[in-house]
Number of protein chains: 2
Amino acid sequence: MAKIALLGHGVVGTGVVNILSSKAEQLEKLAGEKLELKYVLVRHDYDVDYKEKFVMDFATIENDEEVDVVVEAIGGTNPAYNYVKAALEKGKHVVTSNKELVAKHGFELMNIAKEKNVNLMFEGAVGGAIPVIHGVRNCLEANTVNSVAGILNGTTNYILTKMIEEKQSFDIALKRAQELGYAEADPSADVDGIDTCRKICILADIIYGNHIMPENVHTEGIRNVRIEDVDTLKTIGGCIKLLGVAKRTEDKKMYIVTAPHAVFNNGILFAANDVFNAAQLETDNAGTMAFYGRGAGSLPTGSAVVNDIVECVKSTGTVYPVWGAEKPEMVADYKKFAQQFYVSTNDTAEKVAAAFGEVQLVAVGEETAFITEKMTQEQLEEKLAGFNVKSVLRVL
Amino acid sequence: MAKIALLGHGVVGTGVVNILSSKAEQLEKLAGEKLELKYVLVRHDYDVDYKEKFVMDFATIENDEEVDVVVEAIGGTNPAYNYVKAALEKGKHVVTSNKELVAKHGFELMNIAKEKNVNLMFEGAVGGAIPVIHGVRNCLEANTVNSVAGILNGTTNYILTKMIEEKQSFDIALKRAQELGYAEADPSADVDGIDTCRKICILADIIYGNHIMPENVHTEGIRNVRIEDVDTLKTIGGCIKLLGVAKRTEDKKMYIVTAPHAVFNNGILFAANDVFNAAQLETDNAGTMAFYGRGAGSLPTGSAVVNDIVECVKSTGTVYPVWGAEKPEMVADYKKFAQQFYVSTNDTAEKVAAAFGEVQLVAVGEETAFITEKMTQEQLEEKLAGFNVKSVLRVL
């Protein structure tokens, strides 16, 4: 029998409790032993039919040698960081869906896990139910992953989908997302790209093998996405998606950004709408590969967490290698990475042609919108000096 | 050091040789030991720079106790079945991408593997590079999979994409696919749905836990897909895809078919074009989930095969449970499964309304095309008696 302690009893925590109960028999079969929820760490008591498991003091869990797996579902880093560290140091497996914690402290915590021969697992931290972390770790052993691009935040994808499909402005779409409970009262972690940034960092950590701190990643949110650009891109089969992107560069660094991108109708990222998430990988042998599914929610994230619990219980020690320490010099200057851009200006097509040569004109009217050839952002900015620029988007 | 014997040196076999060589260092690290290709079973000698590994007699491989993993890349069941069986009986792991073999003999062969405490792995048999088998086996432990629908054959998806995007007829698109090497001179295994049927059977075997023989699965190919219906569906944002579909029914049976379906613009199956494959799962806790990637080709399928080799080498015995024996009574009568249909007839909209009541009319002209309410195929056929039916498609 494996004993589990759950820290936090919010959206993810209740999903975990539900699944451990509803799938008890199946999980016992797959894990090779019964999974018993022994504790739920809460801040105050209230009435649920398993309230006898409630504890209010983490020390009870930390000091109970029977506890094999600690599930951290509190979120944030305080007190989650201290609790996770303490649990690992006591030789307990930890499963978390906390992207902030893993993005900031993953390297340190995985090292502790390895020292203690246990696991720190975090499938639910990126892409909710989608097994993208498992896929990258277990299913691409014959490959080098050259790039990953992902829609990793359901809230912003919902807002952008409403802007695209229902021509709502950002403000109105955000308000609707808040009413539906998809967005927080303070939506900045989502709409400013902070959450996506943490998630692309975690994927990049695994793929590239060194820890990348979110603060070293250029991050733009979606507050400035204009309905005009949504409409213009639609005329050429495009849309706008908030992506986390990480690519190997020719000089063996990593280009990594979080930003709204123009995405065209030729793959999975274009098709991932509403609260769905998707991650697309470019690999040398397997080619293009993508994973798609629910990026958040009580049962979807709970599903990923419970899967990790089973993997911990089945393991005989640390399963995955620890990625390397941070090397800030590995992160390329994002302004020096060549790619295509979508630009809309209040200038004439003639002026655009004079500065950019032959470009793909997307709209000519009140604004001139066009897609550039591949160039760096530095080069773009130089060319755009003297233009009345309304918007610039990277093209995936 | 793990010693590998490769049977067959065609498209998949050469991909495996390439990857074992180009990724030798990475694979050694991930597998925990060096992977050495010891033999390649060929039918006749020719010049490659590793021709010293060529053998022409399977007995050499079978009787070499040093061989840990046999990779079957011959295709078909004769002699593949005998070779795989013999290798397993000698206590060697077997990796194969042979869908016919697994769909027909998987139950028997997995039982032998289990008896000998080795593995029969076959990720490459379904969806090429896409880790859909791994995903279903390892990433959904907290779920019941209620249905799976997949574009599992790249050749037919290429043909349908050309029909949709370039308005080519089936015959012209097939010819183009043959010129490009995507379709065989005798294309029947692909275009008649036989290949897709084998693959949906394998997925269903894993998901539902009992072996399903392909001959018990209603199978339609794409020879009769009409460009007229492709065009009509396009007007309402739909397209036609050849799908393998398996769903749990209310009476705990399985509805399983291979057939062209009308698919609408709200997910991954619609977006999977050209030679790409995709599989979409409906689960109770994780919700909708999809996997997408290259369904065939030397390196993509080789990638899946090599991944399986690594999993075999890392394993300490049989990893996955054997599914149960065949229970033909588990397969539901496909004519009794309720779903929506797309129908095109040479009759009037009034006649359609008289028989079907209010329906979604898609086209009124030379032909009347419409989408029915949910009904069984039996009910549909009854209502369509006396109609001059041009085509019927299931709606996903």
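Strand 11 of chain A and strand 12 of chain A run antiparallel and pair over seven bridges, where two strands are said to pair if DSSP finds at least two bridges between them, and where helices (H or I, at least four residues) and strands (E, at least two) are DSSP runs numbered from the N terminus. In this pairing A:Glu282 stands opposite A:Thr288 of strand 12. The two strands form a hairpin with four residues between them, and A:Gly287 in the turn has a positive phi of about 75°. Strand 11 (residues 276–283) of chain A is largely enclosed by the rest of the structure, because seven of its eight residues are buried; a residue is called buried if 20 or more other C-beta atoms lie within 10 Å of its own, exposed if 12 or fewer do, and partly exposed in between, with the C-beta atoms placed from the backbone. Strand 11 of chain A is also joined by six bridges to strand 7 (residues 145–151) of chain A, again in the antiparallel sense, and here A:Val145 stands opposite A:Thr283.

The model is a predicted one, in which local features need pLDDT of at least 70 and side-chain atom pairs count only at pLDDT 80 or more, while totals for chains, interfaces and linings use all residues. Residues are numbered from 1 along each chain as its sequence is written, and chains are lettered from A and ligands numbered from 1 in the order in which they are written.

The contact as a whole takes 35 residues from chain A and 35 residues from chain B, two residues being in contact if their C-beta atoms, placed from the backbone, lie within 7 Å. On the side of chain A that touches chain B, the elements that give two or more residues are helix 2 (24–31), helix 6 (132–138), helix 12 (268–271), strand 12 (288–294) and helix 13 (298–314) of chain A. The residues on that side of chain A divide into 20 nonpolar, 12 polar and three charged, where Ala, Val, Leu, Ile, Met, Phe, Trp, Tyr, Cys and Pro count as nonpolar, Asp, Glu, Lys and Arg as charged, and the others, Gly among them, as polar.

In chain A, six strands form an open sheet with parallel pairing, in the order 3-2-1-4-5-6. Strand 3 (54–55) and strand 6 (120–121) of chain A stand at the edges with a single partner strand each, so one side of each is left without a neighbour in the sheet. Strand 4 (residues 67–72) and strand 5 (residues 93–96) of chain A pair over four bridges in the parallel sense, and A:Glu72 stands opposite A:Thr96. The loop between strand 4 and helix 4 (80–89) of chain A holds A:Pro79, and the peptide bond that joins A:Asn78 to A:Pro79 is cis, with omega about 15°. Most peptide bonds are trans.

Which way do the axes of helix 7 and helix 8 of chain A lie to each other? Helix 7 (residues 154–166) and helix 8 (residues 170–179) of chain A pack at an angle of about 130°, with their axes 9 Å apart, the axes being lines fitted to C-alpha atoms over the stretch in contact and the angles running from 0 to 180 degrees between N-to-C directions. Helix 7 and helix 8 of chain A are therefore oblique to each other, given that angles under 35 degrees count as roughly parallel, over 145 as roughly antiparallel, 65 to 115 as roughly perpendicular and the rest as oblique.

In chain B, strand 13 (residues 341–345) is mostly covered, with five of its five residues buried. Strand 13 of chain B is joined by five bridges to strand 16 (residues 389–395) of chain B, antiparallel to it, and pairs with strand 15 (residues 368–371) of chain B over four bridges, also in the antiparallel sense. B:Val343 stands opposite B:Val392 in strand 16, and its bridge partner in strand 15 is B:Phe370.
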